[in-house]
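Please consult the sequence and the structure alongside the text.

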Amino acid sequence: MSNKAAQSYSRQPQNLQTKNKTLVVGLTGGIGSGKSAASAWFSEQGIDIIDADVIAHEIVTKGSDTLRKIQKRFGDWVLNDDGSMNRAAVRTHVFANPEALIELEAVTHPAIRETAKAQLESSTSAYVVLSAPLLIEGAEAGLANLCQRILVMDATEDTQLARASQRDDQSIQKIKAIMTNQLSREERNRHADDIILNESDLASLYLQLEPLHQEYLTLAQQLKFAGD
C-alpha cells in the first residue's frame, strides 16, 4: 500500500501560494488501473478532485483561446462545421505524426497547467487530489511539480486489458497501443510515494484507500501548521 521508499522521481513541489497551504496528491496509473474509482472514493470523503482529462476537454471548447491557437497552428481542418474541435481528426493526425503531438502539447499543456493551478488555489478541502493519466510520463503540463505526493494505482496487464475492454468497448489491440505509450508498471511505481495494487473488487480498493486518506489528512495538517 504505502511505499515511502520509492521516491526516486525528481519533482520539485512549487509554492502554489494558496492561503491554506493545501497538500496536493497526484493520482495516476495506467489504463484500467482504477483511477476513476479511486477519484470517486476520495470525492465521497469530501476531497476536491482536479481531473487533467476534464481540463484538457474544457480548454478546447468552441471559441476558446486554446482552440484558436490550435487552429492557427494546424489549420481550419481541426474544426467541425459548427466551430467545435474535430477531436477525431486531431487525434488521428497526432497519433500518426509524433512531431504534431509535440506541437499540440506545446499549446495545450500550458493551458492545462494554468487551469489546474487556478483550481488548486480555489480548493477548500483538507487536501486535493490531482488526477492525470500521464502525470509522470510527460510530466503532463508540469503537473507533477504541483504535487507533494504521487499515488499510483497499480494493476497487472491482464487486469488492465480486461477492465478497459469492458468499460470502453475498445479492442485489445487499441488498448495495448495506449499502454505502449504509457510507462511500464515498474517505472511508474518507481516514481511513486504510495502504491495501491488494485486487483480485486471495489470493497478491497476502499480498504486500501482509507488508511492513505487518514495519512493524507495528517500530512495536510502538518503542512498547514508549518505554513502558519
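Tyrosine 206 is partly exposed, at 30% relative accessibility, whereas tryptophan 41 is buried, at 6%. Here buried means under 20% relative accessible area, exposed means over 50%, and partly exposed lies in between, with a 1.4 Å probe and protein chains only. The structure is a predicted model, in which local features need pLDDT of at least 70 and side-chain atom pairs count only at pLDDT 80 or more, while totals for chains, interfaces and linings use all residues. Residues are numbered from 1 along each chain as its sequence is written, and side-chain values use heavy atoms, leaving out hydrogens and water.

Six aromatic pairs are counted (rings of Phe, Tyr and Trp, the last by its six-membered ring, with centres within 6.5 Å; planes under 30 degrees apart are stacked, over 60 edge-to-face, and the rest tilted). One of them is the stacked pair of tryptophan 41 and tyrosine 206, with 6.5 Å between centres and 25° between planes. Because tryptophan 41 belongs to helix H1 (residues 35-44) and tyrosine 206 to helix H9 (residues 202-227), the pair ties together parts 165 residues apart in sequence. Helices (H or I, at least four residues) and strands (E, at least two) are DSSP runs numbered from the N terminus. Trp41 and Tyr206 also belong to one aromatic cluster with Phe42, Tyr127 and Tyr216.

## Phenylalanine 74 and its neighbours

The rings of phenylalanine 74 and tryptophan 77 form an edge-to-face pair, with centres 6.4 Å apart and planes at 75°. Phenylalanine 74 is buried at 17% relative accessibility, and tryptophan 77 is partly exposed at 36%.

Arginine 73 lies over the face of phenylalanine 74, 5.4 Å from the ring centre (a charge sits over a ring if NZ of Lys or CZ of Arg is within 6 Å of the ring centre and within 35 degrees of the ring normal).

## Helix H5

Helix H5 (residues 98-121) contains 24 residues. Its buried residues, among them Leu104, Val107 and Ile112, pack against strands E1 (23-29), E2 (48-51) and E3 (127-131) and helices H2 (52-58), H3 (65-74) and H4 (87-96). Contact here means heavy atoms within 4.5 Å.

## Aspartate 194

Is aspartate 194 buried or exposed? Aspartate 194, in strand E5 (residues 194-197), is buried at 0% relative accessibility. A polar contact of 2.9 Å joins its side chain to that of arginine 149 (N or O atoms within 3.5 Å; within protein, one must be able to donate a hydrogen and the other to accept it, and residues adjacent in sequence count only if both atoms are side-chain atoms).

Notes:
The expected span of a helix is 1.5 Å times one less than its number of residues.
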